[in-house]
Amino acid sequence: SNTLRPYLNAVRSTLTAAMCLENFASQIVEKHNVPEIEAGNTKEVLLNPLVVSRNENEQVLIESSINSVRISIRIKQADDIERILAHKFTRFLMMRAESFIILRRVPIKGYDISFLVTNFHTEQMYKHKLVDFIIEFMEEVDKEISEMKLSINARARIVAESYLSQFV
Amino acid sequence: MAHRKLAIDGLDAENQEITEQMQFMSTKSNEEVASIVDQKAAAVRAAITRGNSIEALEKALADPPYGRGLESAQSSNAQLVSEILMATRAQDIASVVANLVDEDRDVLLKYIYHGLARPAEFNCGVLLSWHERVVENGGLGSIVRVMSDRRIV
């Protein structure tokens with residue numbers, strides 16, 4: 001509807017602001033370098049988490065720190081079929097998290113999928129492209145799930161017709 | 001060390017001290033802050049009915065109830081701000097934002113994010129359109145200031 005564009009723009013600007021990362025060696029263990037948002041031991045390098053939501057079902061949680069950002073997305077799931085589809089789709093992606101590089105293997109509680117971007121990623125990849133990717137992902141995932149739902153319904157109709165036609 | 005069940009760093013007294021010191025310490029007591037918010041409410045609502053959003057916003061954004069143990073004052077102040085945001089017409093948003101002082105604009109952005117985090121209580125569509133205008137005016141720096149300022153709402 002007409003909140004989609006403002007929602008994606010708000011996520012884009014918040015993400016661009018949150019993705020200002022620099023290298024930060026662990027203050028607790030010598031010679032270790034750990035994403036501070038995941039470790040959570042040094043309180044002074046953690047920033048306030050921000051939530052951008054379109055409505056109660058669609059939200060993005062952006063938690064930032066000095067060297068890492070965690071982005072968690074709650075996908076819109078209107079009914080049971082969409083819930084199952086979203087779960088299976090995100091599970092498919094999360095099992096292949098290594099080839100995704102920035103994907104987290106386990107989503108944060110209350111959300112469907114989580115990304116972890118560290119300063120090493122922003123050093124190797126363009127920041128604006130990373131933000132573009134996340135926004136595109138949010139748009140595409142909704143399209144994919146509605147496409148899958150349509151094809152499920154179409155297949156179910158064909159199967160039901162051909163099965164029940166023998167009883168006519 | 002996966003067999004350790006206690007998170008020993010969480011129980012360390014020194015860590016608690018650091019987290020305590022990072023909290024915002026107000027010079028006023030909790031009751032004083034809560035009464036300030038209540039007194040503002042009447043003046044702000046009067047300005048809204050007169051249609052003067054700028055004045056209402058300036059009153060509501062002055063002296064925000066920072067600190068711990070002030071949830072009710074913070075949520076009532078947030079409701080006040082959201083009333084102003086919903087009462088303003090869409091064409092006027094840009095001019096209202098342009099008339100705000102930098103400090104007030106940052107506090108307004110804090111309230112916008114406060115509202116977006118609670119979609120059940122606040123109107124996200126209105127908040128998102130205000131967010132666009134405020135960031136247009138204040139730039140990404142205003143978002144960074146919301147994220148890094150320990151004084152929440």
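This is a predicted model: local features need pLDDT of at least 70, side-chain atom pairs count only at pLDDT 80 or more; totals for chains, interfaces and linings use all residues.
Local features need pLDDT of at least 70, side-chain atom pairs count only at pLDDT 80 or more, and totals for chains, interfaces and linings use all residues. Residues are numbered from 1 along each chain as its sequence is written, chains are lettered from A in the order in which they are written, and side-chain values use heavy atoms, without hydrogens and water.

Chain B contains nine helices and zero strands (DSSP runs of H or I with at least four residues, and of E with at least two, numbered from the N terminus). The C-alpha trace of chain B spans about 60 × 35 × 30 Å along its principal axes. Of the 153 residues in chain B, 38% are buried, that is, under 20% relative accessible area with a 1.4 Å probe, protein chains only.

At the interface, 24 residues of chain B are in contact with 25 residues of chain A, contact being heavy atoms within 4.5 Å. The buried area between the two chains is about 2,000 Å², and carbon and sulfur atoms give 66% of that area; buried area is the accessible area (1.4 Å probe) that two parts lose on being put together, summed over both. On the side of chain B that touches chain A, the elements that give two or more residues are α2 (13–22), α7 (102–116), α8 (124–138) and α9 (140–148) of chain B. The residues of this side comprise 16 nonpolar, four polar and four charged, where Ala, Val, Leu, Ile, Met, Phe, Trp, Tyr, Cys and Pro count as nonpolar, Asp, Glu, Lys and Arg as charged, and the others, Gly among them, as polar.

Terms used: Buried means under 20% relative accessible area, exposed over 50%, partly exposed in between (1.4 Å probe, protein chains only).
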